[in-house]
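My notes follow in the order I checked things.

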Amino acid sequence: MAGDAVVASSCGGAGTCGKCKAIITAGKVDSEPSSKLSSEEKQNNYILLCRSTIVSDTVEITIPAESRRAALQDSQRERKILASQIKSARSFEHRLPKFDLNPITKNIDLELSPPSLSDNTSDVQRIKKQLKENGVTGSQVDLELIKELALKVREADWNPQAVVMEKKGLNPQIINVKAKKSNIFGFAIDVGTTTIVAELIDLTSGKIHGRASAYNGQIICGDDVISRIVYASKPGGLESIQALVVETMNGLINELLKIHKVEAEDVAFVTAAGNTTMAHLLLGIPPKFIREEPYIPTASYFPIIKAKEIGIKLPYARLYVFPSMASYVGGDIVSGLLATSVPDSEKLTLFIDVGTNGEMVLGNEEWLLACACSAGPAFEGGGVKDGMRATQGAIELVRVNRQTFEPTIMTIGRTNPIGVCGSGLIDGIAELFLSGAIGPNGKYNLELGAKNIVSRDGENQYILCSGEDSETGKDIVMTEIDIDNLMRAKGAVFSGMMTLLDSVSLSVNDIEEVLIAGAFGNYLDIDKTIMIGLLPDLPRDKFTFVGNGSLLGARLALLSGEMMEKAESIASKLTYMDLSSTPKFMDMYMSALFLPHTDLSLFPSVQEKLKSSLLS
Ligand code: FES
């Protein structure tokens, strides 16, 4: 199954990420030369899998630890509770919207009078008539279901159960007629670029029966949306990349149905929220123009379809895909805003989701302004010498001794370190900056004579973990290029936020609440993100971690027709600001390429910490 992919392939086989290393232990392969392999690795028979062809009958390979993509459950770690988070993190329960349990699909038990020679109405008319008596007028039924009806109503001895979908603006649809009565279920699905999470929910009680997650099978086509678009644009690419995501979804659906002993026939509805590219790929819509100026998606609103039309193995369920706002502000953000009631808030709120793209929405009940910036892969451990995803073996926490500059590290799963993930990198840079080992320009201070700061391969590096203690047998380091990549990423996000504020003549201090969404946000240490200048320097109690707002919004839309309508009104209410055509963005970006920023007055708490750190 695609979700079980074991070898990392961040660039989707373009040969540029160097993550798909393997060691040939027997047999022969032809490999293209690559600068991603060190001379030592070449001598030790390392190859890049995506640049190699097998030429002998058999080969034996070993996948080194740093190339393995850990099983997903390893990454589903509990949010680490750091002291700074205890101070700052607030539950977002208070933000959840109030709604009535009123899904758009319902079971309606029918008691039809059997036909006779004097009552010769057709089966369909008989059902429609009784639905009308139940308040469902003008219902429609398609040919496919009509073909099954005669047998089903007779098998039910004229007491079948109709499953009806009623959505404002559409005629009611009879989506199934069941011979046996049963409960009605739905799936809420977050279609993430990296991970897909599905919840099986009873639509009558609102009870969540279970949740399952897996890597999005498309991950073998590259880690980010751009690689996926490139892949989909190749001949046959769209069909195969769509099949990969559907396969992952089917795996999760099947797993949950089995565990909870629910029949696929009893699932009436699926809501799916994902970014604009994910929505296009799921529905098989060519995404090509999302990445070409002027970055236009084919559609922002999608019709409700039969889930099986795209290969989802639910014979009667309908599929609703969340509306997007723009090419880089998608249904996942709309869903997150729905879940956190930002469009109903009196407070000026900054909603931020950081990944390979930084997506931000600023606003309140009156207006919502959105933008997206390309942060690059650094926050997810990409484009970083020893970077890796936040899975087992990733260094996630770094403390630096202020006298010796030696690190104390902690890994996910508390195993030997394999690499460093985005939150570990932020932690490390913040600690080294605070200790004076890194200057505001992101360069190491070589004059300190710290033994962990070394010059190797023409660049300065900080050794986070020596080869003796690492799983890979190699030193795990943070290079100046890594720091530079992270500074660019945080600079893009911070300047995106500043550009939004500037466009409405507001300042950082006007922000009353900051909501941090997305998987990466869960693991951030607020103090450290402020220290490096990623998030604004505001009182810590203004920050709230939202977690998977996309899944939560999908759940709300599954359980309430009103919430579904609200999602649509949020998408239409958002105003999108294209940063690439906003001249001020570039100025702001240049100013943000320092730790924490060229304008230190924007970061008073960092100034204080630096002062007391220097005094200590
Ligand atoms: S270099 Fe092989 S997948 Fe990126």
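I took contact to mean heavy atoms within 4.5 Å. The model is a predicted one, and I kept that in mind throughout.

Entry 1, the serine. I started with S227, which sits in helix α6, residues 225-232. Is S227 buried or exposed? I found a relative accessibility of 14% for S227. Buried means under 20%, so S227 counts as buried. I then listed what S227 touches, leaving aside its neighbours within four places in sequence: S10, C11, C221 and G222. I also looked for polar partners and noted that the side chain of S227 makes a polar contact with the side chain of D224, at 2.5 Å.

Entry 2, the helix pair. Two packed helices are described by the angle between their axes and the distance between the axes, and I looked up both. Helix α7 covers residues 237-259 and helix α8 covers residues 276-283. They pack at an angle of about 95 degrees, and their axes are 8 Å apart. Angles of 65 to 115 degrees count as roughly perpendicular, so α7 is roughly perpendicular to α8. Which residues meet in this contact? From α7 I wrote down L238, I241, Q242, V245, V246 and M249, and from α8 L281, L282 and L283. I sorted the residues of the contact of α7 with α8 by type and got eight nonpolar, one polar and no charged.

I traced an open sheet of six strands in the order β11-β10-β9-β12-β14-β13, and its pairing is mixed. Which are the edge strands? They are β11 (208-215) and β13 (305-306), each of which pairs on one side only. I checked β13 against strand β14 (residues 318-321) and found antiparallel pairing over two bridges. I305 has L319 in β14 as its bridge partner.

Entry 4, a hairpin. Last, I went to strands β21 (residues 453-456) and β22 (residues 459-465), which run antiparallel and are joined by four bridges. I453 stands opposite Y462 in β22. How many residues lie between β21 and β22? I counted two in this hairpin, and D457 in the turn has a positive phi of about 50 degrees.

Terms used:
Residues are numbered from 1 along each chain as its sequence is written. This is a predicted model: local features need pLDDT of at least 70, side-chain atom pairs count only at pLDDT 80 or more; totals for chains, interfaces and linings use all residues. Side-chain values use heavy atoms; hydrogens and water are left out. Axes are lines fitted to C-alpha atoms, for helices over the stretch in contact, and angles run from 0 to 180 degrees between N-to-C directions. Angles under 35 degrees count as roughly parallel, over 145 as roughly antiparallel, 65 to 115 as roughly perpendicular and the rest as oblique. Ala, Val, Leu, Ile, Met, Phe, Trp, Tyr, Cys and Pro count as nonpolar, Asp, Glu, Lys and Arg as charged, and the others, Gly among them, as polar. Buried means under 20% relative accessible area, exposed over 50%, partly exposed in between (1.4 Å probe, protein chains only). A polar contact is a pair of N or O atoms within 3.5 Å; within protein, one must be able to donate a hydrogen and the other to accept it, and residues adjacent in sequence count only if both atoms are side-chain atoms. Two strands pair if DSSP finds at least two bridges between them.
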